[in-house]
Amino acid sequence: MVSSAVAPATSNPPARVRYLIRGLASEETREQSLDVLCKNRLAYDNLAVLLWNSFGIMSVLLKIITSAYRPLLSNGLTENVVTQVCNAIALFQCVASHPDTRIPFIRATMPVYLYPFLNTMSNERSYECLRITSLGVEDPEVIEYLLSTQIFPSCLRCMEVGKTLSRTVSTFIIYRILLSEKGLKYCFVLAERYLSVSQCLGKLVENLSEDDAENLPQLLKNIIGCYLRLSENERTRPQLSSYVPWKLLDHKYANIVRSDPEALADLRQLVCNLRTSKSCTTHCTDDQPASSDSSGSSIP
């Protein structure tokens with residue numbers, strides 16, 4: 001049994017890690033090995049390298065992940081299936097984040113197997129768990145790869161149907177893509193794509209919930225960052241102003257990001273970019289408690 005080989009994670013003997021990885025190949029020990037490896041993945045040195053280079057192991061993880069496709073479509077996901085799939089995806093994330101395995105993982109297009117979980121429309125807890133775990137595998141640093149896949153529309157879908165945490169993560173990925181010149185150009189190549197992003201962000205703002213106080217500040221920061229990058233295109237800036245809900249500029253939300261100087265500065269700059277008044281630069285750079293925009297909103 002695998003359990004007989006389980007020792008405190010701090011000892012971290014390579015032999016034990018290899019034993020657990022071999023346990024993934026057997027259906028009798030797969031579930032327990034998967035659980036132990038997932039829970040202790042941060043404590044195991046070079047786990048990503050061992051997983052990637054162990055014969056047949058990535059195929060086993062793929063089998064676990066793809067086995068959920070059919071119940072995913074029929075709303076037949078069980079708690080046990082969700083747990084195993086999330087554990088397998090967590091090991092995917094381990095491989096995707098390691099410098100020695102990231103590029104081979106990306107070149108093998110492994111993340112595409114997770115997109116069915118991102119494209120689900122249900123906001124039930126089990127689906128949300130799969131969404132969040134799958135989003136964690138995406139590496140915003142690999143912009144060219146992300147733009148060649150369906151991650152952009154998949155993230156927009158998560159922003160629409162997910163809960164606060166998955167919305168936060170998916171918005172962060174969109175933000176990091178837009179930060180690159182290639183990503184920003186990708187957004188503006190098609191008018192439909194640009195409109196989808198701006199409208200999706202608008203809906204996100206309108207549906208902001210203050211119930212999740214832990215994730216709301218980061219979600220707001222990501223939304224503001226996305227809008228700021230979009231507003232840097234002077235040609236579409238007037239059109240963008242009609243999609244930015246003035247609710248975002250309410251002092252209530254400005255106060256939420258007040259403790260984050262970067263987010264607050266981005267919000268001020270966004271207001272500057274959206275205003276047509278020649279005096280906007282003065283208003284945004286003055287160090288004063290608040291300045292009012294034409295809609296009556298106030299930015300600290």
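**Entry 1: cavities**

I counted 2 cavities of 30 Å³ or more. The model is predicted, so I note that local features need pLDDT of at least 70 and side-chain atom pairs pLDDT 80 or more, while totals for chains, interfaces and linings use all residues. Residues are numbered from 1 along each chain as its sequence is written, and side-chain values use heavy atoms, without hydrogens and water. On a 1 Å grid over the protein atoms alone, a cavity is a set of points where a 1.4 Å probe fits but cannot get out. Points are joined across faces, edges and corners, and a volume is the space filled by probe spheres set on them.

I looked up the second largest cavity and found about 40 Å³ of space. Its lining includes Ala96, Arg102, Ile106, Pro111 and Val137. Glu138, Asp139, Val142, Tyr145 and Leu146 line this cavity too. A lining residue has an atom within 4 Å of a point. α7 (102–107) and α10 (143–147) each supply at least two of the lining residues. Helices here are DSSP runs (H or I, at least four residues), numbered from the N terminus. By class I get 7 nonpolar, no polar and 3 charged residues. Ala, Val, Leu, Ile, Met, Phe, Trp, Tyr, Cys and Pro count as nonpolar, Asp, Glu, Lys and Arg as charged, and the others, Gly among them, as polar.

**Entry 2: largest pocket**

Next I took the largest pocket, with about 220 Å³ of space. A pocket is an open set of points with protein on both sides within 12 Å along at least five of seven lines. Which helix gives the largest share of the lining? α6 does, with 5 residues. α6 (79–97) and α9 (125–135) each supply at least two. I listed the lining as Thr78, Glu79, Val82, Thr83, Cys86, Asn87, Arg125, Ser126 and Cys129. These divide into 3 nonpolar, 4 polar and 2 charged.

**Entry 3: α9 on α12**

I followed α9 to its contact with α12 (residues 164–179). Their axes come within 9 Å and cross at roughly 30°. Axes are lines fitted to C-alpha atoms over the stretch in contact, and angles run from 0 to 180 degrees between N-to-C directions. The two helices are therefore roughly parallel, a term for angles under 35 degrees. From α9, Glu128, Arg131, Ile132 and Leu135 make the contact. From α12 come Leu165, Ser166, Val169, Ser170 and Ile173. Contact means heavy atoms within 4.5 Å. I class these residues as 5 nonpolar, 2 polar and 2 charged.

**Entry 4: α13 on α14**

How are α13 and α14 packed, and at what angle? α13 (residues 181–189) and α14 (residues 191–206) pack at about 105°, with axes 5 Å apart. They are therefore roughly perpendicular, which covers 65 to 115 degrees. Tyr186, Cys187, Phe188 and Val189 of α13 meet Ala191, Arg193, Tyr194 and Val197 of α14. This contact has 7 nonpolar, no polar and 1 charged residues.

Terms used: Angles under 35 degrees count as roughly parallel, over 145 as roughly antiparallel, 65 to 115 as roughly perpendicular and the rest as oblique.
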